[in-house]
Amino acid sequence: MGRRAVLGGAGLLAGLLALSACGADDDGLAQQAGDDGKNYVAGDGSVQEFAPAERGEPVSFESETFSGETAGPADWRGDVVVLNFWYAACAPCRLEAPDLAELHAQHADQGVQFYGVNTRDSKSTAAAFERNFGIEYPSFEDRDGEVMLAMTDYVPPSAVPTTLVLDSEGRVAARILGAAEPNILDELISTALEERAEA
């Protein structure tokens, strides 16, 4: 099932906190990312990559973003896609948000699309989060769990945040359980782009 790199929890947290100058250092809730029992269940920080020959079928769902746009993997074929599962009161979601915003801007002209999947919030709460952290990519409103249900093979319901990288065929190429370390996510995106260029 591809190679697996497991990041030590303490090392991951230390690296993320070192990057907090990107915008999360003044966010009190983000600083709870290392605490237990703070209204979220964190992933273990593991990163899993799936070799092209071992990837399953393209993921399949269609859902509506907070802006009213209906979209899904059928619309993204040919692009690399980052799907980030989040909600506003999730401390590690807040911690990783500035890095996701920066990676989105960095890869925007390279055929990489970012989408959030918000699992709990109203439109106004999600919009406030996006303004606070400079998130310019859309998020699906998924309080009914439609997208989460479609992705249960890859996204444990209690592990938010989770970030998936989809290859240009819409298959899951990589998964990060827990807050995404930006350098690692950047490498996963770059790998998917290289695969597309070689196809």
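## Exercises on a predicted model

Thr119 is found in the loop that connects strand 6 (112-118) with helix 3. The model is a predicted one, in which local features need pLDDT of at least 70 and side-chain atom pairs count only at pLDDT 80 or more, while totals for chains, interfaces and linings use all residues. Residues are numbered from 1 along each chain as its sequence is written, and side-chain values use heavy atoms, with hydrogens and water left out.

**Exercise 1. Determine whether Thr119 is buried or exposed, and list its contacts beyond the neighbours within four places in sequence.**

Begin with the cut-offs: buried means under 20% relative accessible area, exposed over 50%, and partly exposed in between, with a 1.4 Å probe and protein chains only. The relative accessible area of Thr119 is 15%, so this residue is buried. Next take contact as heavy atoms within 4.5 Å. With neighbours within four places in sequence set aside, Thr119 touches Phe85, Trp86, Tyr87, Asp142, Arg143 and Met148.

**Exercise 2. Carry out the corresponding analysis for Trp76, which lies in the loop between strand 4 (70-71) and strand 5 (80-86).**

The relative accessible area of Trp76 is 3%, and Trp76 is therefore buried. Not counting residues up to four places away in sequence, its partners are Phe61, Ala71, Val81, Leu83, Gln113, Tyr115, Phe140 and Leu166.

**Exercise 3. Describe how helix 2 packs against helix 3.**

Helices (H or I, at least four residues) and strands (E, at least two) are DSSP runs, numbered from the N terminus. Axes are lines fitted to C-alpha atoms, for helices over the stretch in contact, and angles run from 0 to 180 degrees between N-to-C directions. Helix 2 (residues 91-107) and helix 3 (residues 123-133) have axes 9 Å apart, at an angle of about 60°. Angles under 35 degrees count as roughly parallel, over 145 as roughly antiparallel, 65 to 115 as roughly perpendicular and the rest as oblique; helix 2 and helix 3 are therefore oblique to each other. Helix 2 supplies Cys93, Arg94, Ala97, Pro98 and Ala101 to the contact, and helix 3 supplies Phe129, Asn132 and Phe133.

**Exercise 4. Repeat the description for helix 2 and helix 5 (residues 182-198).**

The two axes, of helix 2 and helix 5, come within 10 Å and cross at roughly 30°, which makes helix 2 roughly parallel to helix 5. The residues that meet are Asp99, Leu100, Leu103, Gln106 and His107 from helix 2, and Pro182, Leu185, Asp186, Ile189, Ser190 and Leu193 from helix 5.

**Exercise 5. Locate the disulfide and characterise its geometry.**

A disulfide is here a pair of cysteine sulfur atoms within 2.5 Å, and the structure holds one. Cys90 and Cys93 form this link, with their sulfur atoms 2.3 Å apart. The value about the S-S bond is 80°, and the link of Cys90 and Cys93 is right-handed. Both cysteines, Cys90 and Cys93, are buried.
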